[in-house]
Amino acid sequence: MIDEKKIETAIRMLLEGIGEDVERPGLMETPKRIANMYKEIYGGMDEDVSVHLGKTFPAINNEMVLEKDITFYSTCEHHLLPFYGKAHIAYIPDDKVVGLSKLARTVDVYARRPQIQEQMTAQIGDAIMEYLKPKGVMVILEAEHMCMTMRGIKKPGSRTMTYICRGAFENHPALQQTVFQMVK
């Protein structure tokens, strides 16, 4: 549960800590605005992914479903700076599918938490395996990390790619290559 008052207090202290006057007109409402923004961008903290993956539809003889280019925005837990990019999810149904928007919602649940990309990739795949129970799933994330582009090494445009394979994808390189080709 997000505690808006604690966030407001922390933001005031942060602003004072960097030498700002929290009473100047441009900053007076900033702590409240940040608290409201955090309710939105960290809304995945209180969200249960099973709500999105619980409703399925029969689908017999499907070989693979791929939802690609799912835009996401997340926050690096190490620097509290954004990372953002695209998620690609492929799964092999076992006689049932989930609505396509539910895959995007699943990505959002995990993206809207302080996190690392590697963990987020696994969380998405593991949730799909747990709730949808497909024959297999492959999740690919590609993202630009502001902690690398605006500070530290300062390499804008660099992207980090992560992927996980579960079930039928784990020991099947040809199947993995099919997904990589479809995402390309």
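In this predicted model, the side chains of E8 and K5 meet in a salt bridge, at 4.0 Å from N to O. Both residues sit in helix 1, three residues apart, or about one turn of the helix.

**Salt bridges**

- K5 and E8 also belong to a network of salt bridges that links them with R12.
- Seven salt bridges turn up in the structure, and one of them joins the side chains of E4 and K39 at 3.6 Å, N to O.
- E4 lies in helix 1 (residues 4-17) and K39 in helix 2 (residues 30-41), so this pair ties together parts that are 35 residues apart in sequence.
- R166 is partly exposed at 24% relative accessibility, as is D126 at 35%.

- Five strands make an open sheet in the order 5-2-3-6-7, with mixed pairing.
- Strand 5 (114-115) and strand 7 (160-167) stand at the edges with a single partner strand each, so one side of each has no neighbour in the sheet.
- Strand 3 and strand 6 pair in the antiparallel sense over ten bridges, and H88 has I140 in strand 6 as its bridge partner.
- Helix 4 lies across strand 2, strand 3 and strand 5, and runs at about 20 degrees to strand 2.

**Nonpolar cores**

- The largest nonpolar core has 32 residues, and F72, I89, Y91, V107, M120, I124 and I128 touch the most other members.
- Helix 5 gives this core its largest share, six residues.
- Beyond its neighbours within four places in sequence, I124 is in contact with I89, T106, V107, Y110, V139 and L141.
- There's also a second, separate core of nine residues, and M138, I140, F169 and L175 are among them.

**Cysteines**

- How many disulfides does the structure hold? The count is zero.
- C76 has the sulfur of C147 as its nearest cysteine sulfur, 4.2 Å away, and is in no disulfide.
- C76 counts as buried at 6% relative accessibility, and C165 is buried as well, with a relative accessible area of 10%.

Key:
Residues numbered from 1 in each chain as written. Predicted model: local features only at pLDDT ≥ 70, side-chain atom pairs only at ≥ 80, totals over all residues. Heavy atoms only, no water. Disulfide = S-S within 2.5 Å. Buried < 20%, exposed > 50% of the residue type's maximum accessible area, 1.4 Å probe, protein only. Core = buried A, V, L, I, M, F, W, Y, C linked by side-chain atoms within 4.5 Å. Helix = DSSP H or I, 4+ residues; strand = E, 2+ residues; numbered from the N terminus. Contact = heavy atoms within 4.5 Å. Pairing = 2+ DSSP bridges. Axes fitted to C-alpha atoms, helices over the stretch in contact; angles between N-to-C directions.
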